[in-house]
Amino acid sequence: MKRIILSLFVSMLTAFSVFAASPPEPYGPVPSDRQLKWHELEMYAFIHFTVNTFTDREWGLGSESENIFNPTEFNADKIVSALKDGGLRGVVLTCKHHDGFCLWPSQYTEHSVKNSPWKNGKGDMVKEISDACKKHGLKFGTYLSPWDRNHKDYARPEYITYYRNQLRELLTNYGPIFEMWFDGANGGDGYYGGANEKRKIDNRTYYDWDNTWKIVRELQPDACMFSDGGPDVRWVGNESGFAGETCWATMNRDGLLPGHADPKLLNIGERPGTHWLPAEVDVSIRPGWFYHANQDEKVKSVAHLLKIYYESVGRGANLILNVPPDRRGLVHEIDAKALREWKRIIDATFAIDLAKGAIATASNTRGKDKQFSPGNLTDNRKDTYWATDDNITTPELILDLGKKVTLNVIQIREYLPLGQRVDSFAVDYWNNDKWEEFASATSIGNKRLLRTRYITTSKVRVRITKAAACPAISEIGLFASPAQLSNPIIKRDKTGEVTIACDFVGPWIRYTTDGSEPTENSQLFEKSFPLPGGGMVKARAFLLDQKLQSDVMTETFNKMKGK
Ligand code: FUL
Ligand code: CA
């Protein structure tokens, strides 16, 4: 009897599973587990520190004396706390930059902290920073410059043995390592043990990357390797802090090597590509990668840092923000303050998800059960997602918020284990009894953030306008950044296009081109417009139902040559 009941139960289950929909097939390359973990980090710090900090250079020559390395107040705890207070979730340290000086007492060279006055040669900075990271709950990563302007054997086979020995030291003694950073720079001339000459290498063959990468896999299997061409994480193609507006997490990876890839292509990625190879945006909080006292006034503004955040993390990439310690061996107060304020605004923006509790309805949902329902979009879980039937690639989704709210940030995330599927989407709001589009974008990936002008509405609609396969979206969120009013800035680019923007995105900008004063009825600035023939542009920003308004800003442009 028991048996019969059991087999009945089994056949019922089987019958049920015929109706339960299966998940969509993955589209294109998908991330590895280590890449998925890396995506979760979103932003972390870079620390550039070496003899350059004391010589005021960006690239050390390799001939620097160890005697000059003497940070008087170095404190790993204070450095890591300052970075954590900026919301950064990890640290990648330049254990050895191009000048060859090692921040740890490597057994393979005399050119390191062990021959410096710092802690009488007894110190180990890699250890102190990695320990401080553990203590404060940050991940730790290592940068070991392949180019070494100090080593006598650089450009010869012996140097590769040296490089790999050092790699082993770092990966064995300071783990766990979340990211191994391989720089692509190979400048040529250097000290090279006193030879003072130019040495050329073929960056495709000299480092024998396949075998060097194997060491990382062997010693730190969870570490993602960064370089111009991965193999796990790619350079974004610039050092200014932005991923492409379209930024695929995929690339045709074969043939890409450190120092050997096309920056323009790296910025955008390739679709569908042969490999999951997401972008990492590396940028410094200051003009230089190393600390220079004369750049204290040039620390990036909070508005600039926010723009970087939205154009890196908000375009599906990760952000590695460089914060170089000063000669004391501390994060400078100006940098620390900018970091704190940046975090305060990001936290305030994302503290309340206005989509939480919304009723989500979709034009199509995969299968009949709850597994892929639109409710998965607002459950704050990246492992649940809304998906449509296989043949549905342009569905719509409505979020009914139940009451009027004001928002200016939209967040949308794809379910990465099924690949990057969506090509483009648009967002509408319910305004005066009709839908009005107020934002649109292309690729999504890990996270897409759109900053718009403040809108007040009770309903938001997301339309997937193109997808390579039925979408699998894990989260949608709606947020409002703290309102800040500033005077709009009017600019015209080389092609004659005029853009008008406020430092903090949100206020409505209205403008005129006939010399009249902009009022709340003037043309709304939504996208750039051509003005090659010249003219006068006047603009004014309005905040929250026009109760606050900025000054009127005026720019006069001449007729452009040849236009
Ligand atoms: C570049 C290097 O040459 C810079 O000095 C810096 O380390 C930057 C992150 O990468 O290739
Ligand atoms: Ca979810």
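Visitor: How many residues of domain 1 are in contact with residues of domain 2?
Guide: This is a predicted model, in which local features need pLDDT of at least 70 and side-chain atom pairs count only at pLDDT 80 or more, while totals for chains, interfaces and linings use all residues; side-chain values use heavy atoms, with hydrogens and water left out. Residues are numbered from 1 along each chain as its sequence is written, and chains are lettered from A and ligands numbered from 1 in the order in which they are written. Domain 1 covers 33–349 and domain 2 covers 359–479, with bounds from an automatic or database domain assignment. Taking contact as heavy atoms within 4.5 Å, domain 2 contributes 21 residues, and the number from domain 1 is 21.

Visitor: Which residue forms a salt bridge with Arg271?
Guide: A salt bridge is a side-chain nitrogen of Lys or Arg within 4 Å of a carboxyl oxygen of Asp or Glu, and 5 are counted between domain 1 and domain 2. For Arg271, the closest N and O atoms are 3.0 Å apart, and the partner is Asp423.

Visitor: What percentage of the area that ligand 1 exposes when taken alone does the protein bury?
Guide: The residues surrounding ligand 1 include Trp59, His97 and His98. A polar side-chain atom of His97 lies 2.9 Å from an oxygen atom of the ligand, and for a side-chain N or O atom of Trp59 the distance to a ligand oxygen is 3.0 Å. Ligand 1 exposes 300 Å² when taken alone (Shrake-Rupley method, 1.4 Å probe), and the protein buries 90%.

Notes:
A residue is near a molecule or strand if one of its heavy atoms lies within 4 Å of it. A polar contact is a pair of N or O atoms within 3.5 Å; within protein, one must be able to donate a hydrogen and the other to accept it, and residues adjacent in sequence count only if both atoms are side-chain atoms.
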